[in-house]
Amino acid sequence: MSINEFFIILLSTVFVNNFVLVQFLGLCPFMGVSNKVESAIGMSGATTFVMTLASICTYLVNHWILAPLGLEYLRTIAFILVIAAVVQFVKMFMEKTSPLLYRVLGVFLPLITVNCAVLGVALLNTQKAHNFFESTLYGFGGALGFSTVLILFSAMRERLAASDVPLPFKGAAIGMITAGLMSLAFMGFAGLANQ
Amino acid sequence: MLEFISQHTILTALVALVSLSVLFGAILGFAAVRYKVERNPIVDQIDHILPQTQCGQCGYPGCHPYAQAIVDGDAINKCPPGGQNTINALADLLDVEAPSLNIEHREESTIKKVAFIREAECIGCTKCILACPMDAILGAAKQMHTVIADECTGCDLCVEPCPVDCIDMIPVEPTIQSWKWELPTPITFIASDKDVLSPEIAA
């Protein structure tokens with residue numbers, strides 16, 4: 001894999017095929033945990049961690065267990081099982097070995113585990129027939145894109161909370177409109193990289 | 001046996017999923033024992049009773065540290081936002097006498113208050129912003145500050161640090177949306193106890 005491909009995958013997942021704003025995956029944490037920048041950053045950390053880990057584990061399960069047995073049609077349920085088990089294990093391990101990291105990420109880990117972005121990255125990896133390294137990078141890049149827009153959006157919402165929004169648009173409504181405008185803006189990246 | 005399983009697709013799927021589940025279950029079960037964290041359950045119980053305003057009026061940086069301090073032997077009457085109800089609940093949990101709220105930690109106020117900055121007098125020192133546990137004060141250095149009334153919990157931690165004393169705690173007037181039926185004052189005796197407990201009422 002050349003350095004070129006490396007950057008194309010990264011660029012593609014962060015901007016062009018952004019998980020939230022272009023593929024519309026993981027919208028619940030995007031709307032739910034974007035009220036404060038600090039919690040958005042915590043969520044971003046947890047998401048990056050879980051999505052990268054999920055890509056790795058699901059690739060291994062798919063490649064070494066499901067594909068040789070001809071059980072590809074069990075992908076969805078097997079991936080859910082793998083992701084949930086691995087995240088739960090890491091959460092326990094983290095709580096014991098690194099309480100500080102656990103305090104920062106701990107509450108967000110179970111929130112993101114069963115998220116569609118996490119399952120989506122695993123399924124897209126198999127659909128696009130990525131190899132091990134590409135899968136990992138795709139998961140990491142997707143999470144990076146998710147983090148970028150989540151933090152941008154939460155910063156905007158903090159400003160919105162203090163601004164004088166007309167009454168019918170207050171709260172979630174203006175959040176939805178902002179998300180839509182951001183999505184339109186990200187559509188502008190379409191065609192920049194093809195992956 | 002193996003041949004029989006691999007000939008029936010449904011059996012292959014079942015065996016594969018069940019063995020995966022058992023494997024992960026075993027790993028998680030092992031981890032639950034191996035990485036068990038020793039925690040004092042009483043701290044969590046106390047923390048659960050505290051109001052979680054994280055206001056710091058008890059002198060600790062938040063509710064959980066105060067819960068830890070109670071376990072280590074601190075008094076249970078240092079929480080003004082929780083009021084007498086919290087103290088009673090704590091006393092009940094810890095099986096001790098319920099003291100009244102420590103006056104040093106400010107009197108209990110049943111009226112909901114909200115901070116208000118007299119903006120003409122504000123010099124923009126940002127000291128109140130740093131003091132606010134709720135992030136409810138908006139402003140920047142040398143710019144006028146203001147309080148987001150919806151976010152303010154009325155803990156009056158911002159009043160003390162203000163160098164020009166331009167912060168008032170004003171009571172919130174009840175509106176149609178916020179008005180609540182007042183709770184009845186607790187009655188501590190029943191009819192037959194009248195003459196025993198309070199002779200002046202009986203008389």
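Select A:Ser55 to begin: this residue counts as buried because 28 C-beta neighbours lie inside 10 Å. (A buried residue has 20 or more other C-beta atoms within 10 Å of its own, an exposed one 12 or fewer, and a partly exposed one a number in between, with C-beta atoms placed from the backbone.) The model is predicted: local features need pLDDT of at least 70 and side-chain atom pairs count only at pLDDT 80 or more, while totals for chains, interfaces and linings use all residues. Residues are numbered from 1 along each chain as its sequence is written, and chains are lettered from A and ligands numbered from 1 in the order in which they are written.

Next, display helix H3 (residues 37-69) of chain A, where A:Ser55 is found. Helices (H or I, at least four residues) and strands (E, at least two) are DSSP runs, numbered from the N terminus. Beyond its neighbours within four places in sequence, A:Ser55 is in contact (C-beta atoms, placed from the backbone, within 7 Å) with residues including A:Val121, A:Asn125, A:Thr136 and A:Tyr138.

Turn now to the contact between the chains, which takes 14 residues from chain A and 15 residues from chain B. On the side of chain A, helix H4 (residues 75-97) supplies the largest share, 10 residues.

Finally, select chain B, which has 8 helices and 4 strands. From the N terminus, its elements follow the order α-α-α-α-α-β-α-β-β-β-α-α. Of its 203 residues, 16% count as buried.

Note on methods: Two residues are in contact if their C-beta atoms, placed from the backbone, lie within 7 Å.
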